[in-house]
Amino acid sequence: MSSPRLTLRVHPDDQLVVALRDLKAGQVMEGITLREDIAAKHKYAARDFGVGELVTMYGVIVGRTTQPISAGALVHTHNLKHEAASFEGKRSDYVWTPPDVSAWKNRTFKGFKRADSVSGTANYWIVIPLVFCENRNLGFMREALTRSLGYARSSPYESFAQTLVEKHRRGESLETELEDGLFAAPRPLFPNVDGVKFLEHGLGCGGTRQDAQALVQLLAGYIAHSNVAGATILSLGCQHAQVSLLQEALSRLYPRYNKPLHIFEQQKSTSERDMMARAIKTTFEGVKKANDQVREACPLSDLIVGVECGGSDGFSGVSANPVIGHTADLLSALGGAPVLSEFPELCGVEQSLSDRCTTPELADKFVSLMRAYEGAAKACNSGFDANPSPGNIRDGLITDAIKSAGAAKKGGTAPVVDVLDYSEPILKHGGLTLYCTPGNDVESTTAIAGGGCNLILFSTGLGTPTGNPVCPTLKISTNTSLMQRMGDILDFNTGPVITGEQTVPQMGESLLEMCIATASGEYVPKAVALGQDDFLPWKRGVSL
């Protein structure tokens, strides 16, 4: 058996080397003597640097030195600051060699066919407030319908808390153990409907007219989503996010929309009780009708797969993201639609993405969106360089350019066939779509689901429970240690790439199989099983 890899130079020309395991000072790695201990996930210099020199990793500029650095020394925030290469529109043609997908050419997934869109990977009814003023009524509907329809999940924590109550009443010590147990699976009255989801939010009024427009366009995307059978809308009546704005957005962005849409406006109702009774009864009837739909064979080209990362670490760009990228390439070759978002985390790789655009116009749109976003950040005395979180930095992502170069690996290598602004519908298949969202995990997943993604692949090196109300979200671990500690919220482990037990293409193919199983309802992601319904619209400002 071969010895496990200890280090990795991602690109042949890289001047930073990644430690795949904890390394000790004095060890000799590829002819370089380590000057100090290098923890796994972190980087050391492959040559001597003076002050003010540019440093490369992933084949691109990722920073500038602030101190002299000797070969074999740790490279971190004390001696490196963010720096990225300049960029412009499309400079060169791009030739793509797609991966071999013959093994999946005749494959399908079991989804829900829609007359007005691609097939869905799930079947939900949604209830949405147009304004935060209706959140109380939304809560009443959630209480009334969730348990009554059999979608409530009881948790092991509830019985644990009840045990503590009983011990307290008996005057006993509260020392007790939480028993192993899973969240009880729902037992729905209508088994072909995966759930009724309530999209609570804090917007709809009080902001700018542009805020209201962005919100209704996002909500229109959820209403028209391939995983949604129908929707109930609660409106107060006087808010900026008017019913007419929502209807206009639906008509303009989704002209083929033909699913049930029931709107209830409180200021036009005889009473709150009357409105709520009608909303609950109509929703019940809608869910009952949606139950008539069943899963059928659907083409893999109907998969619109958002690729996302959060709680990233120094292994993200080495294992999980490249694996997701290979899966994205397989989907592109099969006519599917992978979607790469989080524009603050594309800083430094703009030129390569521009060159992958199929037309100069797409490249120009991408450049324009990137520059406008960074300009807005700088106007607030910030910038993309502020994107890495303390957890990112602690685990090896010390500049935004390093984080971005690794994050972009999720997008694979296929041509960029479309570039979309926030809340625009995803329509192009057979290549990568770039989608303008913040780097904030939940704002981004909320956006790409609203754009039409019917599956999300989410890499994490530190662990996160993130999910989405209507879009199944698979959590991909960058390392085996994390999977062992947090396997109760994660779905797929790419740690074997780090140890050398499996290759990126091998794991990418396995991940595609999990995508097909998830899209078919045969595998339930942990985020879905735990009811992790994160929904956070972006109030179009600076969110890194």
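Q: How many disulfides does the count come to here?
A: A disulfide is a pair of cysteine sulfur atoms within 2.5 Å, and by this rule the count comes to 0. A word on what you're looking at: this is a predicted model, where local features need pLDDT of at least 70, side-chain atom pairs count only at pLDDT 80 or more, and totals for chains, interfaces and linings use all residues. Residues are numbered from 1 along each chain as its sequence is written, and side-chain values use heavy atoms, with hydrogens and water left out.

Q: Is Cys347 buried or exposed?
A: Let's set the scale: buried means under 20% relative accessible area, exposed over 50%, and partly exposed in between (1.4 Å probe, protein chains only). Cys347 has 3% relative accessibility, so it counts as buried. Cys133, with a relative accessible area of 40%, is partly exposed.

Q: Which strands pair with β20?
A: Helices (H or I, at least four residues) and strands (E, at least two) are DSSP runs, numbered from the N terminus. Two strands pair if DSSP finds at least two bridges between them. Strand β16 (residues 304-309) runs parallel to β20, joined by 5 bridges; here Cys309 stands opposite Ser459. Strand β21 (residues 473-477) also pairs with β20 in the parallel sense, over 5 bridges, and Thr460 has Ser477 as its bridge partner there.

Q: How many residues of β20 are buried?
A: In β20 (residues 455-460), 6 of 6 residues are buried. Both faces are covered: Leu455, Leu457 and Ser459 lie on one side, with Ile456, Phe458 and Thr460 on the other.

Q: Which residues touch the most other members of the largest nonpolar core?
A: In soluble globular proteins, nonpolar side chains tend to be buried together. A nonpolar core is a set of buried Ala, Val, Leu, Ile, Met, Phe, Trp, Tyr and Cys residues joined through side-chain atoms within 4.5 Å. The largest one has 117 residues, and Ile126, Ile223, Phe343, Leu346 and Leu434 touch the most other members. Helix α3 (residues 209-223) gives this core its largest share, 9 residues. A second, separate core has 19 residues, including Leu145 and Ala229.

Q: What does Asp395 touch?
A: Contact means heavy atoms within 4.5 Å. Not counting residues up to four places away in sequence, Asp395 touches Lys41, His42, Asp313, Gly314 and Leu462. Asp395 lies in the loop between α9 (390-394) and α10 (400-407).
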